[in-house]
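Subject: Structure handover

Hello,

Here is the structure you asked to look at. Please open it, then read the notes below beside it.

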Amino acid sequence: MAGTVDPQRWHGRLAELIAEYEVPGANLAFLHEGEVHEFAAGLLNVDTGVETTTDSLFQIGSITKVWTATQIMLLAEQGALTLDTPVCEILPKFRVADPEVTKTVTVRHLLSHTSGIDGDLFLDTGRGDDCVEKYVAACADLTQNHPLGATQSYCNSGFIVAGRVIERLTGKIWDAALREQIIEPLGLTHTWTLPEDVLRFRAALGHLDGRPAPVSSLMRSCGPAGLISA
């Protein structure tokens, strides 16, 4: 990207890529010599024909985990916990199927995907503010994919448990803690979790085989693992 940025070139390249990979629409932004350059191409929804713009919101999926990890690190910086604090010290009711893992799994294990806990529990526990708490209670039957700390296995469940840790330490639901810890201090106006907030903006809908997906977003209980739109 040496030299002057050619907007026409980048607009064209983005359009080529979404056509090549059959993506309805996409945004591109990069920082070059102190200036942010933004580009958009395609559609947010092939049924409505609404065009993608540079301020459109997309579901960022598991990039949400970076935000949840940042929340944990802010709490660690404040001395509320350490990465090696056992989860059960913060969440006394926390259980998984293996009693030894229940006692010894740490926050570090959750953030590094090394807990070995089965991470594919996608459970809708409702839209209430207690949805993450209810999800964590449902983890009591989760078995191990591998022994604690032996290797890595991708674990959505672990990040939802981390979200519950955040709730206990902040006294706020995960969504509210996220706003207080990160979104508002950074002055972000286009970062949201709940569909009713996202719908106030131009928002992309997920697509499956080139058609709008039958479900618009993850259930709220899985928020800390993947619910942010930005």
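β2 and β3 pair in the antiparallel sense, over two bridges. Strands here are DSSP runs (E, at least two residues), helices are runs of H or I (at least four residues), and both are numbered from the N terminus. Two strands count as paired if DSSP finds at least two bridges between them. In general, strands of a sheet pair through backbone hydrogen bonds, either parallel or antiparallel.

Two notes on the source. The model is predicted, so local features need pLDDT of at least 70 and side-chain atom pairs count only at pLDDT 80 or more, while totals for chains, interfaces and linings use all residues. Residues are numbered from 1 along each chain as its sequence is written, and side-chain values use heavy atoms, with hydrogens and water left out.

Back to the sheet. Leu 43 has Glu 51 in β3 as its bridge partner. β2 and β3 form a hairpin, with four residues between them. Gly 49 sits in that turn and has a positive phi of about 75°.

β1 and β2 are also antiparallel, with eight bridges. Look for these pairs:
- Asn 27 stands opposite Ala 40 in β2.
- Leu 28 stands opposite Phe 39 in β2.
- Ala 29 has Glu 38 in β2 as its bridge partner.

This hairpin has two residues between its strands. Glu 33 is in the turn, with a positive phi of about 50°.

Put together, three strands make an open antiparallel sheet in the order β1-β2-β3. β1 (25-32) and β3 (50-51) stand at the edges with a single partner strand each, so one side of each has no neighbour in the sheet.

Helix α1 (residues 7-20) lies across β1 and β2. α1 runs at about 35° to β2. For that angle, axes are lines fitted to C-alpha atoms, for helices over the stretch in contact (heavy atoms within 4.5 Å). Angles run from 0 to 180 degrees between N-to-C directions.

Now the pockets. On a 1 Å grid over the protein atoms alone, a pocket is an open set of points with protein on both sides within 12 Å along at least five of seven lines. Lining residues have an atom within 4 Å of a point. A volume is the space filled by probe spheres (1.4 Å probe) set on the points, which are joined across faces, edges and corners.

The largest pocket holds about 310 Å³ of space. It has 20 lining residues, and the closest to its centre are Val 198, Leu 199, Ala 203, Ala 204 and Leu 205. β2 (35-45) and α9 (195-198) are the elements that give two or more residues to this lining.

The second largest pocket has a volume of about 190 Å³. Its lining includes Leu 91, Phe 94, Glu 133, Arg 164 and Arg 168. α6 (131-137) and α7 (156-170) each give two or more residues. The largest share, three residues, comes from α6.

Best wishes
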